[in-house]
Each structure stands twice: as structure tokens, then as C-alpha cells.
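Reader: I'm new to looking at protein models. Could you walk me through how to read a few features in this one?

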Amino acid sequence: MYHMGKESAVKPTTTIAVDIAKNVFQVAVSKRPGRVAEEHRLSRTRFLRFFAQRQPATVLLEACGTAHHWARKLRELGHSPILLPVRHVAPYRTTNKTDRNDARALLEASRNEKIVPVPVKSIDQQSLTALHRLRSQWLADRTARINTLRGLLRELGHFIPQGARHVIPAVWELIEDADSDLPSTLRPPLAEACLEIQELGERIRAVE
């Protein structure tokens, strides 16, 4: 069984596995390896109250998106949270995938000393990860809009090189040129698309 930190005089003798869900959490309590002594289904509002009333325990969670948040909360209550990689827990699920079986699989996986736990992220670390994800999404959105503009204009006989530095100036030039053969019905929505791309670029630069 995993224990965090240095050896201490008092170790948690209870291991609690938690299958995290959006609304209902499945909990399996083990006081002896390989045995489940209690099982509970807890609503989100009851979850922390349940742990606040228990003696310090080793708490197992799969390292999913919200696990770091709950691990920090559990640590504040005096428990020792351990996050196990999802891919390493799955092989210990011997029957159908249910909340109950997922919690029991966590208990079994925790007995394998070769499985390396995932470090619990701090708020700052999660914030940095969130910024990277936002930047990646905005980059993808900007690229998709640029490719859409290039495709639409190519169908109208206007070929523009790849890259925002080429596309946006070229499209603005077509829009503002009263003598260009760009249909008047397309000029306003193309202008809106250009503004959206520029705004996404500003967001990306702000995050960087």
C-alpha cells in the first residue's frame, strides 16, 4: 500500500477508494488488503462531510480531471490522497465497468508497488495547465477560421498563401476594394471572420 511522505509513528490503517463522478461518488472502504468493509454512494454535497468525520486514511482516486481538486480538499482534512493513472487501474476491473467495480479496482491497483502515483497538482500548476489548454484551443479555432476563409476565397478564384500574416491582409484588401469581384453579400461576414481571427490572435498573445 502506498504511503506519502516520510515514515511516521501513526500511519493510516484504512484505505478508501473513490470513484469520482459528476454527481454521485462511489466509495469503497478497506481495513484489510483485499477486503471491502464498507461501500457508500455519496452526493457531491455529502462527499467532504463524509471524510471530515473519518479518521485519517489513505484515499485512492483515479488521476482524472477533477481528482487534483478533490485530493487537495482531502489533504486539508488530514487524509493522504493518492492519484493512480487511469490506464493502470483499468486492468484490475475484472467485471463490467460500473462505479462500484471502478472503486474496487482502485483498491486492487494500489497493492501493486510498480504503479507510480501521479503527483497532486497545486492550484498554480493547474492554472498553468489551463492556460496551455486555452491557448491550444484558441490556436485550433484560429487555424480553422483561416482555412475556412482561404477555402471560400479559393472557390471564388482568389488564391491566398497559408498563414494569418497573408490571409487577413489579403481578405481585408478584397473587402475594402470596391472594384474587386468579391460578392457584396460576402463582404460583411468575411469582415466579421477577420475580426474573430484577430481577436483570437490577441487572446493567444495575452496568454503567452
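Reader: Let me start with one residue. Is phenylalanine 51 buried or exposed?

Author: Before we dig in, keep in mind that this is a predicted model. To judge burial, look at relative accessible area, where buried means under 20%. Phenylalanine 51 comes out at 0%, so it is buried. Phenylalanine 47 also has a relative accessibility of 0% and therefore counts as buried.

Reader: How far apart in helix H1 are phenylalanine 47 and phenylalanine 51?

Author: They are 4 residues apart in H1, which means about one helical turn separates them.

Reader: OK, now rings. How do I describe a pair of them?

Author: A pair of aromatic rings is described by two things, the distance of the centres and the angle of the planes. In this model the count is 5 aromatic pairs. Take phenylalanine 25 and phenylalanine 47: the ring centres are 4.5 Å apart and the planes sit at 65 degrees, so we call the pair edge-to-face. Angles over 60 degrees get that label.

Reader: Where do phenylalanine 25 and phenylalanine 47 lie?

Author: Phenylalanine 25 is in strand S2, residues 24–30, while phenylalanine 47 is in helix H1, residues 44–52. The pair therefore ties together parts that are 22 residues apart in sequence. Both phenylalanine 25 and phenylalanine 47 are buried. Phenylalanine 47 pairs with phenylalanine 51 as well, again edge-to-face, with 5.1 Å from centre to centre and 65 degrees between the planes.

Reader: Which residues do ring pairs link into a cluster?

Author: The cluster is made of Phe25, Phe47, Phe50, Phe51 and Trp70.

Reader: How do I read two helices packing together? At what angle do H1 and helix H2 pack?

Author: For helix packing, check the angle and the distance of the axes, then see who makes the contact. H1 and H2 (residues 67–76) pack at about 35 degrees, and their axes are 9 Å apart. The crossing is right-handed. On the H1 side, Arg44, Phe47, Leu48 and Phe51 make the contact, and on the H2 side it's Trp70, Lys73 and Leu74. Sorted by class, that contact has 5 nonpolar, no polar and 2 charged residues.

Reader: Which residues in H2 are buried?

Author: Ala67, His68, Trp70, Ala71, Arg72 and Leu74 of H2 are buried. Their cover includes S2, H1, strand S4 (58–62), strand S5 (80–84) and helix H5 (123–155). Just after H2, have a look at glycine 78, with a positive phi of about 95 degrees.

Key: Residues are numbered from 1 along each chain as its sequence is written. This is a predicted model: local features need pLDDT of at least 70, side-chain atom pairs count only at pLDDT 80 or more; totals for chains, interfaces and linings use all residues. Side-chain values use heavy atoms; hydrogens and water are left out. Rings of Phe, Tyr and Trp (its six-membered ring) pair if their centres lie within 6.5 Å; planes under 30 degrees apart count as stacked, over 60 as edge-to-face and the rest as tilted. Buried means under 20% relative accessible area, exposed over 50%, partly exposed in between (1.4 Å probe, protein chains only). Axes are lines fitted to C-alpha atoms, for helices over the stretch in contact, and angles run from 0 to 180 degrees between N-to-C directions. A crossing is left-handed if the near helix is turned anticlockwise from the far one by less than a right angle, and right-handed if clockwise. Contact means heavy atoms within 4.5 Å. Ala, Val, Leu, Ile, Met, Phe, Trp, Tyr, Cys and Pro count as nonpolar, Asp, Glu, Lys and Arg as charged, and the others, Gly among them, as polar.
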